[in-house]
Protein chains: 2
Amino acid sequence: MSGKPADFSPLETPCIVIHLEKTEANIAKMAAAIRKTGVRLRPHAKTHKLPEMAHRQLQAGAAGITVAKISEAEVMADGGIHDLFVAYPVVGLSKLRRAAKLIQAGVRLILGVDSLEGAQRMAQVAREQNVEFEARLEIESGLNRTGVSAAAAVALAKEIDALEGVSLTGIFTYRGAMLGGAGTTDLRSAGHEEGRFMVQTADNLRAAGIGIRDVSVGSSPTAVYAAEIEGVTEVRPGTYIYQDAMQAAFGLCSLDECAGTVLATVVSRPAPDRIVIDGGSKTFATDVQPGKPPLHLKGFGRVIGDPEAVFERMNEEHGVIVVSPDSRYQVGDVIGIIPNHICSTVNLHNFVYLLNADGETAKVPVAARGLLE
Amino acid sequence: MSGKPADFSPLETPCIVIHLEKTEANIAKMAAAIRKTGVRLRPHAKTHKLPEMAHRQLQAGAAGITVAKISEAEVMADGGIHDLFVAYPVVGLSKLRRAAKLIQAGVRLILGVDSLEGAQRMAQVAREQNVEFEARLEIESGLNRTGVSAAAAVALAKEIDALEGVSLTGIFTYRGAMLGGAGTTDLRSAGHEEGRFMVQTADNLRAAGIGIRDVSVGSSPTAVYAAEIEGVTEVRPGTYIYQDAMQAAFGLCSLDECAGTVLATVVSRPAPDRIVIDGGSKTFATDVQPGKPPLHLKGFGRVIGDPEAVFERMNEEHGVIVVSPDSRYQVGDVIGIIPNHICSTVNLHNFVYLLNADGETAKVPVAARGLLE
């Protein structure tokens, strides 16, 4: 994309290089697609875990940022992001106290809730800290993880709405492309279905007297389609900023549009058809396994420039790639790999290297990585 | 084990608690078993990633410490460990220069090598930095990752031995319990086979005039058995220090002997038979998947006190556990889980909490975690 080729020789491997021009193109493409629908875009920061990238998304028109943890909200707030949604049921009293602190500091912080016990804990901390929590009820939509069923939502919402200190202003769900369940790759239908289901659920709650304003849905595979449904107010894609081999397999991008590349060094070629690189399961996330439906991903990532190579298996420090016997890999070569799942891969790295249009790299700590507590 | 129950209430979840009494018992048990054989014990630090734990292993009689990376060797050296083996082919010139620095600082640092190209790079840096590298040749013994085949070992060893600045003093292999391949759970036979194979390989090299002194083998499942073979000089178990659900499935320990517990909070009970905890694939490693042969692990970890519970699936922040419908889990409860693979799980955590016999916890940064470069 730029005239000057990047010089990766000063970089120690394994490491992640983030191509900034591709990142900007991905940000702009999603922002334009969502803008057309009139729906608000609230990107999930789980992919980049960097306030700097969140600012780029906001500058392109995003209305706020999504995170999964109070600790991540703290890092984003510290980095100057002041409209945050923790799309996760926050139930720990100490975490709710930290949330109260952010609100007292002037952050608009929306919290997820999916149980009366969770809401009661919010009410307890709201009273204790003299704040009001803005909450969104999580609705179960097929992944069978957190979220109340649509059938039980009205009764629960009424109980939550009656609590002092908790203002129930919206509903949200995460369905992805149903990767956790039966799986689909008809993303348009999946996005439409998700949107319609949530709008219907919001209408049921409104009919029961609950003031639901926000209907927040969508993931990178489905956001553009879910946003087409009248009544959806917000979408929360995350992965699109960098893209990865999984998104490419969905047909959402080409491998060339993937902005996050893992660089690794060939440390061994013990057989003509096998190379071993210095990155294994500490470098590449293993949460998205190859071969599984619906995507049947070919290996643990795609080797740039060698579509035939199969990244077959890993141990902690070893990545084993099956290559053509007449390929020319040598010990010491540095190769680039597009990982299957960039979000969880970034989480493994203390640093990323940001590569600009002039071929220069800047080493940046991943500010919100590994924040579990 | 102690009179005073631990108070975990100040800990934010998810987090890892390391039970120090169990850790000490595991260290002592392995040290005693290996001491009986007269073989040297060089534990792999990949499990704990903490100089403090390496010192405990040395105090119990270990002859040195194993690591996988120069960056890990740097942390261990900085923490006062001065006899280190990087059991990995080190081929990067910058990494070899960092290795040279450690040697110049007085560390006994042994490096792995499995190719002529790698050895030539060592020789280049040895000349440039005016050091001598002590190297061990990695032998392929079944996992088909790094390592030269026994058949090709003599020819390669002769070429390496002829290089100035590289002193080939030993051979090593890693075979685990063949988890990467066909798999076995007859650990005694596997350990004996591994030991005999390597002693035979060393003898072949000696017959060709190569001065092989060290024959380094073994993993937590096989170390005790491999050490019984005459001619084996060193074993390198790692996981035994904390143990985990995988080691328990091998029959090497009970779940109660596992010293590393992940604490997590129940954030949702959306159905009577399902709880969701605040730890997913960012908290529990996914490199050892459930259900696969030979161990057929039941879920992604074992819930302490509830053998029937199945930790069925994860997303980044969600852990979904199938429980008995009449179990009494409530939102806000903190539960303990023994992970399938403690080494890669520790790598996900910035901190561990060390729990002493008085029930006190100390928050300690995992000094050598996430060191990829």
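Student: How many salt bridges does the rule find across the interface of chain B and chain A?

Tutor: Good place to start! A salt bridge here is a side-chain nitrogen of Lys or Arg within 4 Å of a carboxyl oxygen of Asp or Glu. One of them joins the side chains of E317(B) and K69(A), at 3.3 Å from N to O. This is a predicted model, where local features need pLDDT of at least 70, side-chain atom pairs count only at pLDDT 80 or more, and totals for chains, interfaces and linings use all residues. Side-chain values use heavy atoms, with hydrogens and water left out. Across the interface of chain B and chain A, the rule finds 12 salt bridges.

Student: Which element gives the largest share of the side of chain B that touches chain A?

Tutor: Helices (H or I, at least four residues) and strands (E, at least two) are DSSP runs, numbered from the N terminus. In chain B, the elements that each supply at least two residues to this side include β4 (83-89), α4 (93-104), α5 (116-129) and β10 (260-271). The largest share, five residues, comes from β10(B).

Student: What area is buried between chain B and chain A?

Tutor: Buried area is the accessible area (1.4 Å probe) that two parts lose on being put together, summed over both. The contact, meaning heavy atoms within 4.5 Å, takes 64 residues from chain B and 64 residues from chain A. Carbon and sulfur atoms give 45% of the buried area, which is about 5100 Å².

Student: What kind of axis relates the two copies?

Tutor: Let's superpose them by least squares on the C-alpha atoms of residues with pLDDT of at least 70 in both. A rotation of 180° with 0.0 Å of shift along its axis brings chain B onto chain A, with an RMSD of 0.0 Å. The copies are thus related as by a two-fold rotation axis.

Student: In chain B, which residue has the C-alpha nearest the axis?

Tutor: Look for the C-alpha that lies 2.9 Å from the axis. In chain B, that nearest C-alpha belongs to T286(B).

Student: Now chain A: is T23(A) buried or exposed?

Tutor: T23(A) sits in helix α1 (residues 20-35) of chain A. Leaving aside residues up to four places away in sequence, T23(A) touches I18(A), M53(A), I241(A), Y242(A) and A259(A). Buried means under 20% relative accessible area, exposed over 50%, and partly exposed in between (1.4 Å probe, protein chains only). Because its relative accessibility is 0%, T23(A) counts as buried.

Definitions and conventions: Residues numbered from 1 in each chain as written. Chains lettered and ligands numbered in written order.
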